[in-house]
Structures are given as structure tokens and as C-alpha cells.
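Thank you for coming, everyone. Please have the sequence and the model open while I talk, and I will go through it part by part.

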Amino acid sequence: MVVTRFAPSPTGYLHIGGLRTALFSYLWAKKNKGKFFLRIEDTDKARNSVEAAEAIVNAFHWLGLTHDGEIIYQSSRDEIYAKYIQQLLDEGKAYYCYMSKEELSELRETQMAAKERTMYNGKYRDFDGTPPEGITPAIRIKAPQSGTITVKDGVKGDVIFNCLDILDDFIIARADGSPTYNFVVAVDDALMGVNEVIRGDDHLSNTPKQIVVYEALGFELPKFYHVPMIHNHEGKKLSKRDGATDVMAYKEMGYTPEALLNFLVRLGWSHGDQEIFSMEEMIELFNPKDINKSASIYNTDKLDWLSAHYLKNTPNCELAELLIQYDLILTSHDKKEILLDAIKERAKTLKEMALLAKEILETPSFYDEKAVKKAYKEDSASMLNAFSAKVSACAELHLPSDYHTLMEEVVSELGIGFGKIGQPLRIALLGKLSGPGLDSVMAIIGKDETILRITNVLAAHS
RNA sequence: GGCCCCAUCGUCUAACGGUUAGGAUCUACGGUUUUCAUCCGUAUUACAGGAGUUCAAAUCUCCUUGGGGUCACCA
């Protein structure tokens, strides 16, 4: 059984990059009918916050990504870690290190001055004398001092590290007894049965350290997939300074989960030429072996296109539901079908849809100057009057086609083209020269409002 | 700086030694539309550079260059 996990540290909101690896992990687990766990990495008590953990859970909820089992908080697993640390101590695979922070930074400076690699010098590795006074020791693991460690990575291939280049006896428990990242990750993944680790590229160089822990504890290694980074426009790792990286910001901007997820799944992964993926298709087709090796740059052009695509293909009843969040309440509007049909093809986001709807529903409070100058001619008033009279005289007006018929009549009676009356009428109805079909607009706002808007524009330009 | 990763249109990507290097997006133009948008069509734009291996290289090897990541008692 495939078991994957997403293991964020709760230092902020869920960001785009994290979401993508979470999505990949989720899809791979689902595809294999396995498990997808969520684990909060909050071993650093000084940095994490409860709010951040909640924010991550909220984002998952919005996106419809569900994790299996309970959320695991590392902060509540101290006894477990203590047990394994003790085991390593007992087996002589880890030891107390009495080097003070001052001594350590001194060592580091000396090494830097000598242009050597900065690393722990193993002073207490085989220490059996009397420990120095007044120092609470940290615990270090005995790392191999020669040979190589190979990370068999499903994306990058075999990555071989020389122990001498990258390893030292790193700390697995701080002086206060709390375990450190590379230790708990390995322990938790092993204990949780995680056998396929999909995570960011930036963890690749941590992996040998984790392998050291796995092997010291006798745990079986998982498969690793290190997914390339998402870069910003400058080509640097995407960070919080790069604007909208908070997943929930996309909700506020009016994007739907399906659009955002579809966008992200194609960042670093592909399946031939396919661009549109439903959640079912993602689960069906996703395979980490198809993950790209190179980093991608974050550019939301395609997100807009996807978002527009999904909006166009979303049933009106669903749209009406979704739009409530953007302050557009249509539930009781008798022409909401016509309205939604009219605006869903011209909006990139739900927020934009709500805006477009309001532009139709609200009586124009001003007229675009350029539009008036361009299209409101001397003979416009008489044509609008003629049309208005026809509308007044007509008792039954409901559908766009009803209004269209009236327009056709006016056009043929006056011997003019559609554009001749269409443009001024558009200014009357919407205050500008762009927008949905006029017959639809009139059907949506109704007979009285149509007459009112024509009267208004005539008054404003008499 | 050490170690590691990466390199195809502006962007996301396809290509599993033999293709006129394909698709999508973006941009521009055209068609459809009373307008805008949608939709449809067309066009511009890419194998970082250099050596090899091979009958044949975007694809394999090496070097160069460029970019990125990582080096904590952070995760």
C-alpha cells in the first residue's frame, strides 16, 4: 500500500509550492488506494503557531483535499522521540555533546578562516572523561565518516553523496531535550508507515542525514521523490514576498479549487498534451515518474485561462451558490439563468463575475465619456425614443428574443443597421460600449428598467 | 566557498537516437458577433555553448557557461 504524507511546519499559511507537493502526494496515494497523512512539524516551539496549523487545515478544506486519519502533531510525540533517542544512546549510536554554543561558533569561525568546511569536529564522539560543569548536553548521532550515501530518487535518479563532504555528527536532540528536524522526520515517516515521500527539491540535501537516522534505527527506507522548486519571476525560490502565495488568497481573488488544482498539477508534471484535468483524471493519470526535473517559474496566465474555462463549464445553479461568497445574491432573481449565461463567458474569476453582474443589475450612475463621444450621435435620441415607445407598447416581454424582435422592428422601420441603435442603446443600458448582448440585458432587467435607463440617458444628453 | 540539482518558444510543457522539434498559454492579425467576450483560424518565438560517441544527437558522455538549492541546538 502506498502511504504518503504532507508535513508542513506551521510557521505561516499554506503556500502554492506546499500545496503542489501536497497535491502530488494526495493524488499518488489516491491513485493507489493508499493513505495520505497530514503531519504538522511543530518541534520548534519558538516558531510555530496554532493559527498557522489551522490555516493549513482550512486551506485543505477549501480545496477538498482530505487527509486520512488524525492530524499528527509532532509536538505531542515527545515520548516517542525520547524513546528512540534513548535507544540510539544505549546502542552507542548517539552520544551527549558538551560543546557550548560559544565553543561551537568559535570552531566554526576557525574553520571558515582556514577555508575548511564548517562541521562539528567530533570532540565528544568517543568521550569517556568527566563532562564539563554547567553544560546541559545536546545529543548527536554518529554519522558515517567515510563512504557514500546514495539517495535513490524517483525524480532525479540516483544521487550520490560523499559522507566526508556533507556529513558530521549532527544534533538529534537539543540541550532542552527536544528532537530536531532530520531526526523526527525519519522517525515519524517510518512509524507512520510512509513509504513514498514526495517533497520539495530543497530537501534533497537533507536526505542523507535522514538516511543516517533510518539506518541507525533499523527502519526501512521509503521511496523519495524530490519535486523541483517553483521559482518567482526572478528565478528564485518562491517566497512570501512574491505576492499571492497564500493559497487562500486565490479564493478571495475568485478562483475555484478545480482551476487552482488543475493549474498546479501542470506545474512540473504533465501527461502528454493534456491541459484540462478533473480531479478524477488527476488521480487516474498522476504518476510521480512523470514529474519534471527542472524548476518552473510561477506565472498565472494559464491559471486565468483555466479559471475562465471552468467558469464557462460550470452549471448555473452551482455558480449562483459560489457567487454568494462574492456578495452576489441571485437566489430569487427570476432571470438568473439568462444573467449567468451572459456573464460566465466574459469573466476569468468568480469575483469578476459578481462585478459584471452588478454592472448589469445596477442602473448606470454615469456614462463613459469616450463611449458617448464615439457612439451617441445627434440622431440617437430619436431612435432610442422610437425603441422605448415600442417597449412601452408591448405587454408581454420576457425573453431576450422578445426584445430582439422589437429591435428588429425598429431597425427595419427606420431603415438603419443594428449598430446604429445598438451602440446608443448600450450606453443607455450599461453606460459603456462593451458587455453582454443587449437583448439579454433587457430581458434580465425587465421592461420598466429598460425604459427607465433609456429615459435617463436621454435626459442626460438632451 | 564546499556539496547537490537543473538547462527545449516569454511562460507551462511534449519528444523515451531518425519528427518540417508538437501542444497549451501569452502576444498580434483575421473570421464569427449590433459591442465586448466566447468560439474558430493564421502568424511570430525554443533545443545555452563547445567537444566527443554514432550512419544518425534536443535526446548518450565530458567540459564550459548560466541558473537554482543546501550547508543551524530552523523546518
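Predicted model: local features only at pLDDT ≥ 70, side-chain atom pairs only at ≥ 80, totals over all residues.

Let me begin with a question: in which sense do strand β5 and β8 pair, and over how many bridges? Strand β5 (residues 138–141) and β8 pair in the antiparallel sense, over two bridges, where strands are DSSP runs of E of at least two residues and helices are runs of H or I of at least four, numbered from the N terminus, and where two strands pair if DSSP finds at least two bridges between them.

Residues are numbered from 1 along each chain as its sequence is written, and chains are lettered from A and ligands numbered from 1 in the order in which they are written.

Back to the strands, then. In β8, Ile171 is the bridge partner of Arg140, and the two strands belong to an open sheet of three with the order β4-β5-β8 and antiparallel pairing. The edges are taken by β4 (94–97) and β8 (171–173), each of which has a single partner strand, so one side of each is left without a neighbour in the sheet. Elsewhere, strand β6 (residues 148–153) runs antiparallel to β7 and is joined to β7 by six bridges, with Thr150 opposite Ile160 in β7. There are three residues between β6 and β7, which form a hairpin.

Now the helices. The axes of helix α12 (residues 316–323) and helix α13 (residues 336–344) come within 10 Å and cross at roughly 85 degrees, the axes being lines fitted to C-alpha atoms over the stretch in contact, with angles from 0 to 180 degrees between N-to-C directions. The two helices are therefore roughly perpendicular to each other, a term that covers 65 to 115 degrees. In this contact (C-beta atoms, placed from the backbone, within 7 Å), Asn316, Leu319 and Ala320 in α12 meet Lys336, Glu337, Leu340, Asp341 and Lys344 in α13. By class, the residues of this contact divide into three nonpolar, one polar and four charged, with Ala, Val, Leu, Ile, Met, Phe, Trp, Tyr, Cys and Pro counted as nonpolar, Asp, Glu, Lys and Arg as charged, and the others, Gly among them, as polar.

Lys33, in the loop between α1 (16–31) and β2 (35–40), has a positive phi near 55 degrees, and Lys33 is exposed, with 9 other C-beta atoms within 10 Å. Lys115, in the loop between α4 and β5, also has a positive phi near 55 degrees, and Lys115 is exposed, with 6 such atoms within 10 Å.

Finally, the RNA. Around RNA strand B there are 62 residues, of which Ser9, Glu41, Ser294, Phe418 and Gly422 come nearest, and a residue counts as near if its C-beta atom, placed from the backbone, lies within 6 Å of the strand. The element that gives the most to this surface is α11, with four residues. The residues of the surface divide into 19 nonpolar, 21 polar and 22 charged.

Conventions. Parallel < 35°, antiparallel > 145°, perpendicular 65-115°, else oblique. Contact = placed C-beta atoms within 7 Å. Buried ≥ 20, exposed ≤ 12 C-beta atoms within 10 Å, placed from the backbone.
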